[in-house]
Amino acid sequence: MEDDRNIMGSKVILRAAKVQDQGMFLGLTWDPEIVKVTKGYQSLVPGRYSMNRSGFLRVSAGGLRRIIADQEDPEKGLGVIMLSDLNKENRMAQIQIKLLRSARGRGYGRDAVNTLVSYSFRELGLSCICSNILEDNTASRRLFEACGFRQEGMHESRADKNGHCRKVCSYVKRNMVRQTDTGK
């Protein structure tokens with residue numbers, strides 16, 4: 001599914017990753033403060049990602065990753081947003097987002113989530129997008145609630161590397177526009 005098309009929001013551009021984004025992406029992925037509230041990218045498991053020639057992680061089939069950039073400076077990455085576990089048959093996917101600290105609280109996250117959700121409903125024909133957020137990650141919970149996601153449940157996570165289980169809130173946004181019979 002990965003291609004090079006830009007997805008335009010009102011404030012952000014969701015663009016394909018470039019070699020210069022590698023440090024930003026890996027920094028977000030392994031930053032201890034971010035990992036503490038996100039458990040890292042739980043989908044960073046063997047088989048889902050592979051390294052390309054530049055050493056940059058690429059999403060394998062069934063996902064879409066975009067770098068979040070400000071429209072005024074599209075070459076500088078502010079974060080990453082991903083669709084994973086894309087299931088075209090059930091028209092569902094998972095969404096994850098991570099932003100650099102310098103980009104938080106400035107509307108980039110909200111615009112990125114709304115832009116990717118809108119694109120997913122309109123262009124990919126999805127009817128439901130989910131996000132699993134740790135209970136104590138209040139910033140992400142507020143972000144997804146502000147983007148129209150509703151909490152539909154809570155469950156215990158799998159044990160982390162220290163053997164601790166944490167509560168995970170399941171958030172869902174459904175496409176309320178009736179899909180026409182166009183194959184979507």
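Colleague: Which residues does Asn175 touch, not counting residues up to four places away in sequence?
Modeller: This is a predicted model. Asn175 sits in the segment after β10, a strand that spans 167-174. Leaving out residues up to four places away in sequence, the residues that Asn175 touches are Phe121, Leu126 and Ser127.

Colleague: Is Asn175 buried or exposed?
Modeller: The cut-off for buried is under 20% relative accessible area. Asn175 has a relative accessible area of 15%. Therefore Asn175 counts as buried.

Colleague: Where is Asp85, and what is its phi?
Modeller: Asp85 belongs to strand β6, residues 73-87. Asp85 is partly exposed, at 38% relative accessible area. Asp85 is not a glycine, yet its phi is positive, at about 50°.

Colleague: What about Arg91: what is the value of its phi?
Modeller: Arg91 is placed in the loop between β6 and β7 (92-99). Its relative accessible area is 25%, so Arg91 is partly exposed. Arg91 is a residue other than glycine with a positive phi, near 55°.

Colleague: What is the volume of the second largest pocket, and which residues are closest to its centre?
Modeller: The volume of the second largest pocket is about 490 Å³. Its lining has 21 residues. Those closest to the centre are Leu99, Arg104, Ala139, Ser140 and Leu143.

Colleague: Which elements each supply at least two residues of that lining, and how does the lining split by class?
Modeller: Four named elements each supply at least two lining residues: α2 (32-38), β7, α3 (108-122) and α4 (138-146). By class, the lining of the second largest pocket comprises eight nonpolar, six polar and seven charged residues.

Colleague: How many aromatic pairs does a search of the whole structure find, and what is the geometry?
Modeller: The search of the whole structure finds one aromatic pair. It is formed by Phe144 and Phe149, 5.0 Å centre to centre. Planes over 60 degrees apart count as edge-to-face. The angle here is 85°, and the pair is edge-to-face.

Colleague: Are Phe144 and Phe149 buried or exposed?
Modeller: Take the cut-off of under 20% again. Phe144 has a relative accessible area of 2%, so Phe144 is buried. Phe149 is at 1% relative accessibility, so Phe149 also counts as buried.

Colleague: Which ring does the charged end of Lys11 sit over, and which ring does Arg65 lie over?
Modeller: A charge must be within 6 Å of the ring centre. The charged end of Lys11 is 4.9 Å from the centre of its ring, that of Tyr108. Arg65 is 5.4 Å from the centre of the ring it lies over, that of Phe25.

Technical notes. Residues are numbered from 1 along each chain as its sequence is written. This is a predicted model: local features need pLDDT of at least 70, side-chain atom pairs count only at pLDDT 80 or more; totals for chains, interfaces and linings use all residues. Side-chain values use heavy atoms; hydrogens and water are left out. Buried means under 20% relative accessible area, exposed over 50%, partly exposed in between (1.4 Å probe, protein chains only). Contact means heavy atoms within 4.5 Å. On a 1 Å grid over the protein atoms alone, a cavity is a set of points where a 1.4 Å probe fits but cannot get out, and a pocket is an open set with protein on both sides within 12 Å along at least five of seven lines; lining residues have an atom within 4 Å of a point. Grid points are joined across faces, edges and corners, and a volume is the space filled by probe spheres set on the points. Ala, Val, Leu, Ile, Met, Phe, Trp, Tyr, Cys and Pro count as nonpolar, Asp, Glu, Lys and Arg as charged, and the others, Gly among them, as polar. Rings of Phe, Tyr and Trp (its six-membered ring) pair if their centres lie within 6.5 Å; planes under 30 degrees apart count as stacked, over 60 as edge-to-face and the rest as tilted. A charge sits over a ring if NZ of Lys or CZ of Arg is within 6 Å of the ring centre and within 35 degrees of the ring normal.
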